[in-house]
Amino acid sequence: MTFVQLTDTRVVLDRRRFFLGVSLLVAGAAYPLEAFAAKTSPAVKAPIVTHHRYKTVDGIKIFYREAGPADAPVVLLLHGFPTSSHMFRTLIPELADRYHVIAPDYPGYGQSDMPDRTKFSYTFDRFGELVDGLLDQLGVKKYAMYVMDYGAPVGWRLALKHPDRVTALIVQNGNAYDEGLKEFWDPIKAYWSDHSDEHRKALYKLVTPEITKFQYTDGVSDVTRVAPDNWVQDQALLDRPGNAEIQMDLFYDYRTNLPLYPKVQAYFRKYQPPTLIVWGKNDKIFPADGAYPYKRDLPKVEFHLIDTGHFALEDKSDEMVPLIRDFLRRKVRS
């Protein structure tokens, strides 16, 4: 009997094709993917680093945040009440790719010293002197200023003392006109009128948790965009023993800013600093009534009312940061 051996050539060819395909797949697995990634992935940028530093100025330890190239144009960020340089924590990395950003805390705020009020004068004059001293220690001779709330009277003192040093102004709910002090200020004005204990005690409500939260949420259409950490942190610092009395002293000293307004307005008219207004128009503390008068003295002012409240950066940074960056790019040179 003759046996015939049959070979299934189709099966052999299929096996060869299988092993050839696997070898090609293994050999090409890394390179094509890497090449594709190289062609399609955007460049990865390292995050901006913010440094948290201290300098002793006139015996007071001043905390400040600092970021950006040391030789870049300086942008000075001046915070408001009742917060600190913490309010600029998200703005700083948005600017520090091109600018040397400095954001100090005033005494009694944030991480700066809180000296005893019987031994230290909590006044806007003193704050201006200490910020000026900090800038001197850092060797800063020119700077653009972002002023907000209490940062405005601090910044105006710097501008009046060194008008040649200010390269530009960014004003966010920072007052320089009588028109900007509306109903919210009536109890404070009553305290100015007689410096009485009765009127002082009436202002303690302004350092309560309810009012601290109000400052962040009033006039904001979507409060989920505002981190609760803001008022929790601010209130913890306000609740430090003795801090409420410091705030009362500053409420009383705020009256010294009003006689400066004509001088500040004259500075605007004479020097015409490039100015950007980015103002939360729903703010009850510094309402938009105080924003419009800037147009009288600064005819080239870039004017934007933002649909938010007092701490506009907290929920509208996506709208404000492009305006700020574009303004600085055009107006502040190395």
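Biologist: By class, which residues line the largest cavity?

Modeller: This is a predicted model: local features need pLDDT of at least 70, side-chain atom pairs count only at pLDDT 80 or more, and totals for chains, interfaces and linings use all residues. Residues are numbered from 1 along each chain as its sequence is written, and side-chain values use heavy atoms, with hydrogens and water left out. Ala, Val, Leu, Ile, Met, Phe, Trp, Tyr, Cys and Pro count as nonpolar, Asp, Glu, Lys and Arg as charged, and the others, Gly among them, as polar. On that basis the lining has one charged, two polar and 10 nonpolar residues.

Biologist: What is the volume of the largest cavity?

Modeller: On a 1 Å grid over the protein atoms alone, a cavity is a set of points where a 1.4 Å probe fits but cannot get out; a pocket is an open set with protein on both sides within 12 Å along at least five of seven lines. Grid points are joined across faces, edges and corners, and a volume is the space filled by probe spheres set on the points. The structure holds four cavities of 30 Å³ or more. For the largest cavity, the volume is about 100 Å³.

Biologist: Which residues lie nearest the centre of the largest cavity?

Modeller: Lining residues have an atom within 4 Å of a point. The largest cavity is lined by 13 residues. Nearest its centre lie Phe 81, Phe 184, Trp 185, Phe 251 and Ile 285.

Biologist: What about the largest pocket: which residues lie nearest its centre?

Modeller: The largest pocket has a volume of about 180 Å³. By class, its lining has eight nonpolar, four polar and four charged residues. Of the 16 lining residues, those nearest the centre are Asp 71, Ala 72, Pro 73, Val 74 and Lys 142.

Biologist: Is His 79 buried or exposed?

Modeller: His 79 lies in the loop between E3 and H3. Buried means under 20% relative accessible area, exposed over 50%, partly exposed in between (1.4 Å probe, protein chains only). His 79 has 0% relative accessibility, so it counts as buried.

Biologist: How many residues of H10 are buried?

Modeller: H10 spans residues 243–253. Its buried residues include Ile 246, Leu 250 and Phe 251. The cover over the buried residues includes H4, helix H6 (186–194), helix H7 (197–201) and helix H9 (229–238). H10 is mostly covered, and its buried residues number nine of 11.

Biologist: How many aromatic pairs does a search of the whole structure find, and which kind is the pair of Tyr 109 and Phe 127?

Modeller: Rings of Phe, Tyr and Trp (its six-membered ring) pair if their centres lie within 6.5 Å; planes under 30 degrees apart count as stacked, over 60 as edge-to-face and the rest as tilted. The search finds 29 aromatic pairs. Tyr 109 and Phe 127 sit 6.3 Å centre to centre with 85° between the planes, which is edge-to-face.

Biologist: How many residues apart in sequence are the parts tied together by Phe 124 and Tyr 254?

Modeller: The ring centres of Phe 124 and Tyr 254 are 5.6 Å apart and the planes are at 90°, so this pair is edge-to-face. Phe 124 lies in helix H4 and Tyr 254 in the loop between helix H10 and H11, so the parts tied together are apart in sequence by 130 residues.

Biologist: Which residue joins its side chain to that of Glu 302 by a polar contact?

Modeller: Glu 302 is found in strand E8 (residues 302–306). Its relative accessibility is 19%, so Glu 302 counts as buried. A polar contact is a pair of N or O atoms within 3.5 Å; within protein, one must be able to donate a hydrogen and the other to accept it, and residues adjacent in sequence count only if both atoms are side-chain atoms. Here the contact is 2.7 Å, and the partner is Arg 330.

Key. Helices (H or I, at least four residues) and strands (E, at least two) are DSSP runs, numbered from the N terminus. Contact means heavy atoms within 4.5 Å.
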